Amino acid sequence: MTPPPPPPAADVAEVVMPGTQFVRDGATRLREIGFAALLLTALGIALLTLLVLMIDVILEGASSLTPEFFTDTPSRIDPSSSGIAPAIWGTIWLMLVCAAFIIPVGVASAIYLEEYANRENRFARFVEVNIQNLAAVPSIVYGVLGLAFLVRGPLELGNVVLAGGLTLGLLVLPVVIVAGREAIRAVPPSIREGSMALGATKWQTIWKQVLPAAVPGIATGTILALSRAIGETAPLIVVGATAFATTASTGLFEQFSALPIQIFGWTADPQEAFQALAAGAIIVLMAILLSMNAIAIWLRNRYEQKW
Amino acid sequence: MGAGTHATGAAPGGLGPLGAKRRRWGEEVIRALLFCAAAISVLTTIGILVALLTESIPFFKEVGTSFFTETEWSPLFADPQFGIWPLLNGTFLITGIAIAVAIPLGLGSAIYLSEYATPRVRKVVKPILEVLVGVPTVVFGYFALTFVTPQILQALGIHVQVYNALSAGLVMGIMIVPTIASISEDAMRAVPQGLREGAYGMGATKRQVATKVVFPAAISGIVAACVLGVSRGVGETMIVLLAAGLQPNLGVDPVDGYATITTFMGSAADGDNPAGSIGYESIFACGLILFVLTLIMNMIAIRFVRKYREVYE
C-alpha cells in the first residue's frame with residue numbers, strides 16, 4: 001500500500017466538529033437511508049432506461065428477423081422485401097480492412113514504444129500525449145480526415161470499402177496501441193534477459209519471446225477495437241457509405257453499405273414500416289457486438305498469464 | 001551470421017570487448033519500420049490538422065469575421081450566410097441537457113458502486129457499464145426518435161416537435177452516464193482505504209464518508225470524467241442527427257429542433273457538395289471548431305487526471 005496522503009484538513013474538521021455523529025438520532029438515520037436510496041435510484045434509472053431501450057428494440061425488431069432479412073437487399077419502396085445482405089457484407093469487408101491495418105500498425109507501434117523508445121525520450125512522450133488526444137477526437141472528424149485524404153485529395157480512392165475501412169482503422173488505432181503496450185509491459189524483463197543471455201538479438205527476443213507471451217492481451221485489445229469500429233456511423237456517412245446499396249460489395253474498390261449505416265438510413269426514413277427493419281438490424285448489430293465483447297472477456301480470463 | 005562469427009571479434013587469448021561486434025542491418029531495418037508505425041499516430045494528428053486547415057483557410061478568407069459575428073447559418077442557400085452561432089447554440093443546448101441528466105445519474109451510480117454496493121453487485125454492474133459504453137450511438141438515436149419523442153415526451157403531453165432538442169439531450173445524457181460512472185468510480189476506488197477508516201474512527205456516518213472524504217479526495221478524477229462526458233456530447237453526431245433535426249436555431253426552447261456543428265457536417269458531407277465549393281469548405285471549418293473545442297476539453301481532463309495521479313502514486 002502506498003502511504004495515504006494527508007487528508008483534506010477542512011473536511012476532517014467538519015466530520016469531527018459537530019459531535020452529533022456518535023449519537024445516531026432518527027433524523028440522521030433518515031438522512032442516511034434517504035441518501036442511499038437516492039444513489040440507488042440514480043443507478044436504477046440509468047440501467048432501467050437502457051433495459052427499456054433493449055426491450056423496445058427487441059419488441060419492434062423481432063418480427064423483421066426472417067431468413068430473407070439476411071439475404072435480401074434494402075428497398076426504398078417495399079419494406080417487406082427489404083434485407084441487410086449488402087450491409088452485412090459491407091461490415092465484413094470494412095472489418096477485414098480495419099483489422100489488416102490496425103493489427104500490424106498497432107502492434108508495431110506498441111513494440112516500438114515499449115521496447116525501443118527510451119521512456120524519457122521526447123518522441124515517446126509526445127506519441128503518448130498524442131494518443132491520449134486522438135482518443136478524444138470526435139469520430140466525425142476522422143470522417144473528415146478520410147474524406148480529405150482517402151476519398152478525395154491525394155489518394156482519390158472514392159467512396160469505397162478501402163477508404164471506409166482505413167478511416168475506421170485510424171479511429172480505433174489508439175485502442176490497439178494502448179492494449180498492446182500494456183500486454184508487452186506485462187511480460188517480465190527476466191524473459192528478455194534470459195533470451196538475450198542466450199545470444200538472441202533484440203528482435204529475435206521480441207519476436208520469439210515477448211510477442212507470443214503478449215498475444216492474448218493484444219488479441220483482446222484488437223477485438224475491443226473492432227467492436228468499437230463496427231458500430232461507428234458518423235465517419236462512414238462522411239466518407240460516403242450508402243444506405244441503399246443494391247448489391248453486396250465484393251472487393252476493396254467498390255461502394256459499400258454497413259450495418260450502422262443501414263440502421264441510420266431506415267430510422268431516418270419517414271415511413272414507419274422501415275423502423276421495424278431498423279430495429280431488426282439493431283438486434284443483429286448488438287448480437288455481433290456482444291459476442292465480440294464476450295470473446296474478448298473470455299480470452300482475457302482464459303489466457304491471462306501470471307508470471 | 002554463420003559459422004565463423006565466434007572467431008572474428010575475439011582477441012587472441014581472451015574475451016573481446018563486450019557489446020556488438022558489428023552492426024546488424026536487419027535489426028536496424030526492423031527498428032526503422034517500427035518507428036514508422038509509431039509515427040503513424042502522430043501523422044494522423046498532423047493529417048487531421050492539415051485536412052482541416054487547408055480547406056478552412058480559403059473558407060475563412062472568403063467568409064471573414066462574419067463567421068463569428070453573423071447570427072444566421074445557411075451555407076447551402078443561394079445567398080449563403082455563415083454565422084456559426086446557431087450551430088454552437090444547438091450543440092451546447094443539447095449537450096447542456098445531456099450533462100444535466102448524466103452528471104447526477106453518473107455520479108450517483110459511481111458513489112453507489114464505489115461505497116455502498118456489495119462486491120457481488122459491483123462485479124455484475126461494472127462490466128455491464130463497460131459494455132454499455134460501447135453501444136453504438138446510432139442505436140441511441142433510434143431510441144430517441146422512435147421511442148422517447150413519441151412514446152414518452154408526447155405521451156406526457158409535452159408539445160415537442162418530431163425533431164427536438166429535449167429528446168436528443170435526454171438520450172445523449174443516458175448515453176454519457178456509463179462513461180462518467182465508470183471513470184469516476186475508478187477515481188473513488190483509488191482513494192486509500194485509510195482515509196475512510198480514519199473518518200469512520202471519528203464517528204462519521206457512511207454518507208459523510210462518501211460525500212466529505214471520498215468525493216473530495218477523488219474530485220480531480222471526477223472532474224475529468226465530467227469533462228470527458230461533455231466532450232463526448234459535443235462530438236456526438238448520430239443521436240442529434242436522428243432526433244434533433246437540421247434546423248439552425250438561435251432559440252433556447254428544447255421542444256424545437258436544432259442543428260449542431262456535427263449534424264451540419266454529417267448532412268453536408270453526403271457528396272452533393274463538390275470539392276472546392278464553399279459548402280464543402282464549410283464542413284472543414286466546422287470540423288476545425290469541433291476539433292479545437294474537444295482538444296481543449298481533453299487537455300483540461302488530462303490536467304485533472306495528472307493531478308489526481310500525483311496524489312496517490
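The domain assignment of chain A gives two parts, domain 1 spanning 23–64 and domain 2 spanning 71–303. Their C-alpha centres lie 34 Å apart. The model described here is predicted, and chain A is in contact with chain B through 78 residues on the side of chain A and 78 on the side of chain B.

**Domains of chain A**

- Contact between the two domains of chain A involves six residues of domain 1 and seven residues of domain 2.
- On the domain 1 side of this contact, two residues are nonpolar, three are polar and one is charged.

**Overall form of chain A**

- Chain A contains twelve helices and zero strands, and the order of its elements from the N terminus is therefore written as α-α-α-α-α-α-α-α-α-α-α-α.
- The radius of gyration of chain A is 25 Å, whereas a compact globule of 307 residues would have a value near 19 Å.
- Along the principal axes, the C-alpha atoms of chain A fill a box of roughly 75 × 70 × 40 Å.
- Of the 307 residues in chain A, 45% are buried.

**Overall form of chain B**

- Chain B has 13 helices and two strands.
- Chain B is more spread out than a compact globule, because its radius of gyration of 27 Å is well over the 20 Å that the globule rule gives for 313 residues.
- The C-alpha trace of chain B spans about 95 × 70 × 35 Å along its principal axes.
- Buried residues account for 48% of the 313 residues of chain B.
- In chain B, 73% of the contacts with a separation of 6 or more are between residues 24 or more positions apart.

**The interface between chains A and B**

- The interface brings 78 residues of chain A into contact with 78 residues of chain B.
- Helix H2(A) supplies the largest share of the chain A side, with 16 residues.
- By class, the chain A side holds 53 nonpolar, 17 polar and eight charged residues.
- Helix H2 (residues 26–61) of chain A crosses helix H4 (residues 85–116) of chain B at roughly 115°, and their axes come within 8 Å.
- The crossing of H2(A) and H4(B) is left-handed.
- From H2(A), the residues that meet H4(B) are Ala36(A), Leu38(A), Leu39(A), Leu40(A), Ala42(A), Leu43(A), Ile45(A) and Ala46(A).
- Their partners in H4(B) are Pro104(B), Leu105(B), Gly108(B), Ser109(B), Ile111(B), Tyr112(B) and Tyr116(B).
- The contact of H2(A) with H4(B) comprises 13 nonpolar residues, two polar residues and no charged residues.

**Helix packing within chain B**

- Helix H8 (residues 193–201) of chain B packs with helix H9 (residues 206–217) of chain B at an angle of about 145°, and the two axes are 10 Å apart.
- H8(B) and H9(B) pass each other in a right-handed crossing.
- H8(B) contributes Leu195(B), Arg196(B), Ala199(B) and Tyr200(B) to the contact, while H9(B) contributes Gln208(B), Val209(B), Val213(B), Val214(B) and Ala217(B).
- The residues in the contact of H8(B) with H9(B) divide into seven nonpolar, one polar and one charged.

**Two residues of chain A**

- Ile111(A) lies in helix H4 (residues 85–116) of chain A.
- Ile111(A) counts as buried because it has 25 C-beta neighbours inside 10 Å, and the cut-off for a buried residue is 20 or more.
- Apart from residues up to four places away in sequence, Ile111(A) touches Ile184(A), Ile206(A) and, from chain B, Leu34(B).
- Ile111(A) and Gly180(A) are 69 residues apart in sequence, and their C-alpha atoms are 7.8 Å apart in space.
- Phe244(A) is found in the loop between helix H10 (234–238) and helix H11 (259–268) of chain A.
- Phe244(A) is partly exposed because 16 other C-beta atoms lie within 10 Å, a count between the exposed limit of 12 or fewer and the buried limit of 20 or more.
- With neighbours within four places in sequence left aside, Phe244(A) is in contact with Pro74(A), Arg76(A) and Gly265(A).
- Phe244(A) and Tyr116(A) are 128 residues apart along the chain, and their C-alpha atoms are separated by 48 Å.

Notes. Residues numbered from 1 in each chain as written. Chains lettered and ligands numbered in written order. Predicted model: local features only at pLDDT ≥ 70, side-chain atom pairs only at ≥ 80, totals over all residues. Helix = DSSP H or I, 4+ residues; strand = E, 2+ residues; numbered from the N terminus. Rg over C-alpha atoms; globule rule 2.2 N^0.38 Å. Domains from an automatic or database assignment. Nonpolar A, V, L, I, M, F, W, Y, C, P; charged D, E, K, R; others polar. Axes fitted to C-alpha atoms, helices over the stretch in contact; angles between N-to-C directions. Left-handed = near helix turned anticlockwise from the far one by under 90°.
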